[in-house]
Each structure stands twice: as structure tokens, then as C-alpha cells.
Amino acid sequence: MVIAPYGDELQTDITAIPMAQSWADMCAPWPVTAVTFVRVPFNHPLFVMYSSGTTGVPKCIVHSVGGTLLQHRKEHMWHCDIRHDDRVFYFTTCGWMMWNWLMSALAAGATLCLYDGNPSLRDGRILFDFCDEAQITMFGTSAKWIDAIAKMHLRPVDTHQLTHLRTICSTGSVLVPEAFDYVYDAIKRDVQLASISGGTDIISCFMLGNPLCPVYRGEIQGRGLGMAVTVYDETGTAVRNQPGELVCVQPFPSMPIGFWGDADGSAYQRAYFATYTGVWCHGDWVQLMDTGGIVVYGRSDATLNPAGVRIGTAELYRIVATIDAIVDSVVVGRRLHGDERVVLFVQLRDDMVLDVPLRQHINTTIRQYATPRHVPAEIHQVPDIPRTKSGKIVELAVRNVIHGLPVKNTAAMANPESLQFYAQFAMQPEN
């Protein structure tokens, strides 16, 4: 075990820790020397990225030097308008692919601004304080954080300058339409709000912002340049203005060069090309709009299917997020008698309980802004919502638990203990 001090001012006594050594002692045999740069082939391995793997063995995805850098340069300079001498910030951990994406902004000549700490400090204002102090031009965060500060009724437009800020990027989960309203009303009115989406599998984006085009409420602005992205229905036919599978029909620079330990490439083929032969199927349930934008409804494997009607989980999240009593939520499907029931779990404010009036309010709100098919058959109050370390809701893990199935890799979760509470709902449907 290696113990690294958190700042020079903190010295840790490690003598009582078995088999521990300090960071300084570990580094001592390798003194600092001049950096030697080595020219490598375009497809030389650069990163091994691990998928979250909350319902199975994580994929060990190998990305290339040339493909990653080329893809990131395109996204930074043309999609995010990052210029030489800009200051770029993304609130991320080192375990999320957005850290790798952020590092590549150095290639655009930008300065990276880093923050290590709790984003809720100073009553949620600390990241906006940092934005002003560091003169940040591109501010990256997650949809969950935007939702959190909206429910805190934070209004940086009234308290901060944000003079240099041109672009706000959001990823990690679907950015609901109400979040667009909040950003333009409460953060900054003349900013490009770029909801971006891709993932660890491609270490980049299939769809993201475009500084030359308008921002439409609830939509990602467009598909990535050079990415042959379209939407397929169940028959493999390209469709527009109806939900379907996000696919990419041509190769692109940041395709993985393989999976670590997958000598014959069979696992790689199964992961992306099993649904449509020769076509990358990403596993997102989306809709391509006439505006050129994309609406994301959630993961395909988490799509709800009550009475044979496919419903994206994001359709419910966007409505539930407007209910002030609800802090967070997760929705899954429960198989029962050959059909599927919609099950909604809600985390409430500390002063709230899920009583009959609140249940009725939730159901009425969902029915009003969606359809009767969207109304959950069950609603349960829970103390916490399971998430990965990068902040994504782990719907499949919750679905496994309520069906009495194991969750194989809880180490990928930020709060694995939260799943214990869901076990009481295993195959015991309400109503």
C-alpha cells in the first residue's frame, strides 16, 4: 500500500499500517530526469479504459495514441471552441473518461484548471467562485450537478461575473429540458450549453455541441464531425423523428483497437457489432430530430417496456426532477406475469415522507406531462440512489437486485452499500 500525502502540509504517520510505504519512498529509486519523447505508431496503445461493469465483468478497452488525440482535438477545437490560451475546467475524477478528455485540451494550447474537493462548499458556490477567479472559458460538469444546484435555487447570474465563460458542457447522464431553462435563466444567458454524450467505449463523443448552431431546449446540438451516426429501428432501418438505437455505420478515429486479453477479438465484436452486422451499436435509445439535434431517452438495455410500449428512463427522470420534494430517483422495470411494471424509487428531502398525497402528486404529474403508460406501478422511498464513481445511475444493478439476481462488480460503484436497501423489494410488487 502506498500512502500519498494530501498536500505538503499534511504528514501521515504510516508506521502502524501493515505493508505501507510513503509516496516519497516509493519514488526514491527513480529520480527525476529529463523526459524522453518516443515516436510510436498511430495505433500504439495509449489508455486502457474500464467500463463500469456493474452487471458483469468490466470491458478492458484499449485506445490508441493517434485516434484518441485526433478525436479529442476535433471535439475541443471545433465543437467546444477551445482556443489557444483558453482556460478549460471539467469537474471530474481521475476514474472518469472525462479526465482523459480534459488532459488532451493541452494539445489545443489551453490551460487546464483543476479542482479537487467537494463541489457543495460555500453553499454550492465554490465552482462558480473558481470560474471567476481562474477566468475559465469552458466549464464542464455533470447533469446531476446542474440538477442539484437548481434544487438549491442557486443563481450565479446574480452573484458572479462569469465574464470569460463561453461554453458550459454537461455529460454523465441526460440533461433534461428544465435544466436548459435553469442554465439560461440562473447561470448565464449568452453561453453555449453543450450537452455531450459518448462514453468510455469511444473515449469521446458521438453527439455534442456546435458553436455555430442554435441550442434547442432538451436536445444535444448535433452529431460529431466525421461520425456516421444515425438511428436504427428494430429492423435496422434508419429513422428520423422516432426513437431507436444509436448506431455508427462507418469507422471513426477513436474506435478501440481492441480489448485487453481478447486475443481473437470475439469479445470486442460481441460488445458492439452483435446487433447489426458491421455496424457499431452503442446501446443508447435516442431520437434524431429535424433540427439536426438528438434527444436521448436513456440506455437501450434499461429501456422500460410496459405492455409492449418502449419508454426511455430519461422520459421519467425529466418529469420527476421537477418535483421539489424529490432529490434523486431511479426507475427500472420489473418482470411480472409476462409483462413489465414500471418501478420508481425516490430519494426525498430530509423533511419529506412518501405519503399518499405525495404519491398521488407524482403520478398526476407524470400522467400530465407524459402518458398513462409512464405512470409507475410502484413507487418506493429509498435513502440513496446507487451510482457509479462517475455519477451515473446504475439502473441495471437495481433491476438485478429487485429480481433477486447478483450484482457482480459493486467495486465500480460509488455507494455499493445503497443496494442493500433495494433487496427488500425483490419480487414483492406493490398494489
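Predicted model: local features only at pLDDT ≥ 70, side-chain atom pairs only at ≥ 80, totals over all residues.
Is strand 11 (residues 204-208) mostly covered or mostly open, and how many of its residues are buried? I looked it up: strand 11 is mostly covered, with five of its five residues buried.

**Around strand 11**

I went through the partners of strand 11 next. On one pairing, strand 10 (residues 197-199) runs antiparallel to strand 11, and three bridges join them. I picked out serine 197, which stands opposite methionine 207 of strand 11. Strands 10 and 11 make a hairpin, with four residues between them. In that turn I noted isoleucine 203, whose phi is positive, at about 45°. Strand 11 also runs antiparallel to strand 12 (residues 222-223), joined to it by two bridges. There, leucine 208 has glycine 222 of strand 12 as its bridge partner.

**The 3-4-15 sheet**

I then turned to an open sheet of three strands, ordered 3-4-15 and paired antiparallel. Its edge strands are strand 3 (45-50) and strand 15, each of which pairs on one side only. Five bridges hold the antiparallel pairing of strand 3 with strand 4. Within it, phenylalanine 47 stands opposite histidine 63 of strand 4. I also checked helix 2 (residues 65-79), which lies across strands 3 and 4 and runs at about 75° to strand 4.

**Helix 8**

Which residues of helix 8 (residues 266-273) are buried? I get Tyr268, Tyr272 and Phe273. Looking down the axis of helix 8, these buried residues fall within an arc of 80°, so they line one face of the helix. I wanted to know what covers them, and the cover includes strand 4 (60-64), strand 15 (258-259) and strand 16 (280-288).

**Nonpolar cores**

The largest nonpolar core has 36 residues. The residues with the most contacts inside this core are Val330, Leu344, Phe345, Ile362, Ile366, Val398 and Tyr422. I listed the elements that give it two or more residues: helix 9 (313-320), strand 18 (326-336), strand 19 (339-348), helix 10 (356-369), helix 11 (395-402) and helix 12 (419-422). Strand 19 supplies the largest share of this core, six residues.

Leaving aside neighbours within four places in sequence, valine 330 is in contact with residues including Tyr317, Val343, Leu344, Phe345, Val398 and Tyr422. Ile385, Ile393 and Glu395 are also among the contacts of valine 330. Apart from this core lies another, of 29 residues, which has Phe89, Leu127, Val176 and Ile187 among them.

**Isoleucine 379**

I looked up isoleucine 379, which lies in strand 20 (residues 378-381). Isoleucine 379 has a relative accessible area of 3%, so it is buried. For a distance check I took serine 266: its C-alpha atom and that of isoleucine 379 are separated by 41 Å, the two being 113 residues apart along the chain.

Cysteine 94 counts as exposed because its relative accessibility is 57%. Cysteine 113 is in no disulfide either; the nearest cysteine sulfur belongs to cysteine 131, 8.6 Å away. With a relative accessible area of 7%, cysteine 113 is buried.

Definitions and conventions: Residues numbered from 1 in each chain as written. Heavy atoms only, no water. Buried < 20%, exposed > 50% of the residue type's maximum accessible area, 1.4 Å probe, protein only. Pairing = 2+ DSSP bridges. Arc of directions from axis to C-beta. Contact = heavy atoms within 4.5 Å. Core = buried A, V, L, I, M, F, W, Y, C linked by side-chain atoms within 4.5 Å. Axes fitted to C-alpha atoms, helices over the stretch in contact; angles between N-to-C directions. Disulfide = S-S within 2.5 Å.
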